[in-house]
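Q: I would like a close look at one residue and then at the chain and contacts around it. Please keep to what can be computed from the coordinates, and give the cut-offs.

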Amino acid sequence: MSSPLLEVKNLKQHFRINRRFTTKAVDGISFTVERGQTFGLVGESGSGKSTTGRSIIRLYTPTSGEIFFDGHLISGHLNAATRRLVRSNIQMVFQDPMASLNPRKTVLETVSEGLMNLHPELTAVERKVKVCRVLEQVGLSADFVNRYPHQFSGGQRQRIGLARALIMEPQLIIADEPISALDVSIQAQVVNLLKRIQKDLGITMIFIAHDLSMVRYISDRIGVMHLGHIVEIGDRNEIFAHPIHPYTISLLSAIPQPNPILEKKRRSLGYLYRQSGIDYTLGEYHKVSSTHEVLATSLEFEKWSAGDYTDTLSESHNVDSLKTESV
Amino acid sequence: MVRYIGQRISIAVVTVFLILLLLFLMLELMPGTPFNDERLTDQQRDVIMEKYGLDRPILERFFKYMQLMLKGDFGISYTLNKNMPVSFMLGQRVGVTMSLGLQAVLLGLAIGMVLGIISALKHGTWLDSAMSMIAVAGVSVPSYVFALFSLYVFAFLLRWFPIRYNPSAPGLSGVLPVISLSMFTIATVARFLRSEMLEVLGSEYILLSRAKGLRESAVISRHGIRNSLIPVVTVVGPLVVNLMTGSLVVEKIFAIPGLGGLFVQAITVNDYNVVIAISFIYSVMFVLVMLAVDILYSVIDPRIRLSKGGPA
Amino acid sequence: MESKRVLSIRDLEISFKTTDALVRAIRGVRLDLFQGETLAIVGESGSGKSVSVKAIMGILSSNGSIDAGKILYTDPETGEEFSIVDMSQREIRSKISGQRIAMIFQDPMTSLDPTMTIGKQIMEGMRYHYQVPVQEARRKAQELLELVGIDNSAKRMKQYPNQLSGGMRQRVVIAIALACDPQILICDEPTTALDVTVQSKILELIQSIQKEKNLSVIYITHDLGVVAKVADYVAVMYAGRIIEKGSVEEVFYDPRHPYTWGLLSSIPDLNLEEEELYSIPGNPINLALPFQGDPFAPRNRYALNIDFEQEPPLFSAGGKHRVASWLMDPRSPKVERPASLERRLKEMREEIGRNE
């Protein structure tokens, strides 16, 4: 069993807004991703999931903690070698296919840009060959090389974004909400593509999303984030079959099902974070099984394992309880 | 918000200090003295230097200089009007320049806004293109060219306006100078407002206000214009500067007894005190305008006013 | 109690003049809405789902025009009838929009004027249309804030949109829509930009208000989970036409159109293990280009020859269920639903049984 490709230990990413106020976007998270696996990072807005992805790929400098990629420390100061390591082996696919492509560059220019930076020894012809090959891999015709982004649909643009990442032959792809901005049927296309590419090329992936049903479909392991902390982490089936943390339960209960008779009766469970007084900094990771952990104090863990969620979950079926603290 | 204004005022004060410092240093570093009359012997020169305190150590002179400048005592004119207090020389002229400048700003804003709004609303039509042409002309053609042209055509040929500016009867004789000065402002404000409005009119809250059933004119006046003005306010500061510099030549053309003409004269004869004094006045005017713009900004845009506190 | 019909749309056709071509965005739509009912219009980008409601509200963009058809709004209390296609946009806005029919949009971040207080934005409609005096309008606005579940209403009235979270802003948008006591509420993707936990709360909020005030609601969405939760009736649109419609049970438990099959199959099922998600191949059609036959045919693996020549009419599948597919024609070969979908439907039925 080889070592994990990515190890994150107690990562913190804080942003200083002004003298009085620091945003703790990520406040001490740890997880590992094995080679060839997909790790799904789930959370809502403000959870810190996107920030995590960006810290790993070094778009930010981590405030503290350690990130090990393939055994190398990449969270501290980067020298030329580690920087090159990060840039050629970790790639990102972004959320908004409209905004993440330079509208003034052709597909060829956009997709080959990484090659030009990191492999200057390649000639223009060699680059073009690679671009055409990777376009075919993502299901686009090689004829598209000279077109501009505005000539494509959302799903096609997302494929271009993926091509841009794949051409670098990365070991790790971080997909930051890659399908949220797409139509439902196109989402399925892109997700299938991601899965196929991963299988064919053996790429490890971190899939960041807020859509739990898609995350379940594509991930091997899942981490649930809330306000900068991972509150629950485990194998996909365990998280869905035996969620322990009240936030995970409330997220799962909010997933809409296309089953009208049931869906009309279902009431989502609200996570009463402020009311409950839960303090993530006081919690520790308790093992539910060898592959499943929950962030909780000992008391909380006891209560939740026994199914006691008073003061932490609510039944929201009348207007009064619809009045929530921050939402 | 108070904190924001306080910050801005401190910055303004520091800026004025730096201006004074810079002017002083420029003065020190300039070669020559005001007393270049060859008939003076060295001895006589020394006496005069001592008289004007020009031989004291630099730091002492700087502090004395700051004190006096801030009091409005700009010394006396050495060459233009020997021994006349500079403040007196400026006194009458400041009023003229300020009043013309203010009129030009207001006229520029008013007409510029109207043109900008019309262009945005009639975007794509010939009216829009016509306005754009006017705007390009206004920005490209220097104010003194306008001044000369209008002087020649409207004052000389058509005799609609008097040729020379008359400070005691500023009304009619001020029209051409003010218009010439304001052309750049009109054009810039129009272009800015037009592009802002086009963007604002495409936003979702405008669509929502239409869906609320508001008439188009209400949509534009209540929601469109206010949101478009914010970036225009940003541009006002630099526009005022432009007016100040433009006035130098325009004043000459219309023979306006303002600061600009005096400034040019003083430079040519090395009348340091006058030059320093006018530079100082211009700089302080600019700082005050920028301060006013910053404060106005925070008043108009609640996002700036409230952003420091974080979400409720 | 007889339910009154509030909205009737017949043979609606809308086109847009673009620099390249004339785009026929709506090509014959027929819909009914009754008092107290919820209709969901489902479709993806380019289906035209938003366009029809914009026509009802009088906010079609200036290059759009209603070419044919009827939109009839009947006030359930007074019985007054309005033929919307015969009214100018100005007339629609002065009599209907915001007053009898109100709309909320997708992104609460951009739906509110950033430089106006919340209170003023809620009060605006009331003061503009009904000249409600300021004091009364303020009181009513505060009540509305409470109704949509926002605490500290007095304080919130004076705040600006950027001081509120996304979920709260959407509640404000709902409050604005309700300000003039409309009878129909149109929600254009009201939850797409919101977090999942907030989504269900907002939907439940709209449902409870709907019940209290006996409103009719139209949802425009591409999220089938939302449809399942809120809708009584569904209309699935593709390329400017309704290709399947009926009660929500008819369409979800007995879908007949291959596009609907594709949509339903595209959602990962939490209960079943799947190797690959079924996805509809290809991209939505570009309506600026001419086409022949059924615009869905190129992406339809069940397309018959006739699909490429003639567009199918609406066939009845019993009850209120209508399907625009040649597969429904008695002369066409029998086609089964895809196996994975059939499994899913079976699983859904069993789950209902388990939950009784």
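What is the relative accessibility of Ala303(C), and does it count as buried, partly exposed or exposed?

A: At a relative accessibility of 24%, Ala303(C) counts as partly exposed; buried means under 20% relative accessible area, exposed over 50%, and partly exposed in between, with a 1.4 Å probe and protein chains only. The model is predicted, so local features need pLDDT of at least 70 and side-chain atom pairs count only at pLDDT 80 or more, while totals for chains, interfaces and linings use all residues. Residues are numbered from 1 along each chain as its sequence is written, chains are lettered from A and ligands numbered from 1 in the order in which they are written, and side-chain values use heavy atoms, with hydrogens and water left out.

Ala303(C) sits in the loop between helix H11 (258-266) and strand S11 (315-316) of chain C. Helices (H or I, at least four residues) and strands (E, at least two) are DSSP runs, numbered from the N terminus. Once neighbours within four places in sequence are set aside, Ala303(C) is in contact with Ala297(C) and Phe308(C), where contact means heavy atoms within 4.5 Å.

Two strands pair if DSSP finds at least two bridges between them.

A salt bridge is a side-chain nitrogen of Lys or Arg within 4 Å of a carboxyl oxygen of Asp or Glu. Asp32(C) and Arg10(C) meet in one at 3.1 Å, N to O; the pair links distant parts of the chain, with Asp32(C) in strand S2 of chain C and Arg10(C) in strand S1 of chain C, 22 residues apart. Asp32(C) is partly exposed at 28% relative accessible area, whereas Arg10(C) counts as buried at 17%.

Further along chain C, strand S6 (residues 101-104) runs parallel to strand S7 (residues 184-188), joined by four bridges. Leu185(C) in S7(C) is the bridge partner of Ala102(C). From S6(C), Ile101(C) and Met103(C) point one way and Ala102(C) and Ile104(C) the other, and all are buried. Another group in chain C, made up of Asp254(C), Arg256(C), Arg337(C) and Glu342(C), is linked in a network of salt bridges.

Chain C also meets chain B through a salt bridge between Arg93(C) and Glu216(B), with the closest N and O atoms 3.0 Å apart. Arg93(C) lies in helix H2 (residues 89-95) of chain C and Glu216(B) in helix H10 (residues 216-254) of chain B, so the pair joins two chains. Arg93(C) is buried at 10% relative accessible area, and Glu216(B) is partly exposed at 28%.

In chain B, the domain assignment gives domain 1 (8-71) and domain 2 (86-309); such bounds come from an automatic or database domain assignment. These two domains of chain B bury about 1,200 Å² between them, 85% of it on carbon and sulfur atoms. Buried area is the accessible area (1.4 Å probe) that two parts lose on being put together, summed over both. Arg8(B), Leu23(B) and Leu27(B) supply 34% of the area that domain 1 of chain B buries against domain 2 of chain B, more than any other three residues. Across this interface the rule finds one salt bridge. Arg8(B) also forms a salt bridge with Asp294(B), its closest N and O atoms being 3.1 Å apart. Over all chains, a search of the whole structure finds 34 salt bridges.
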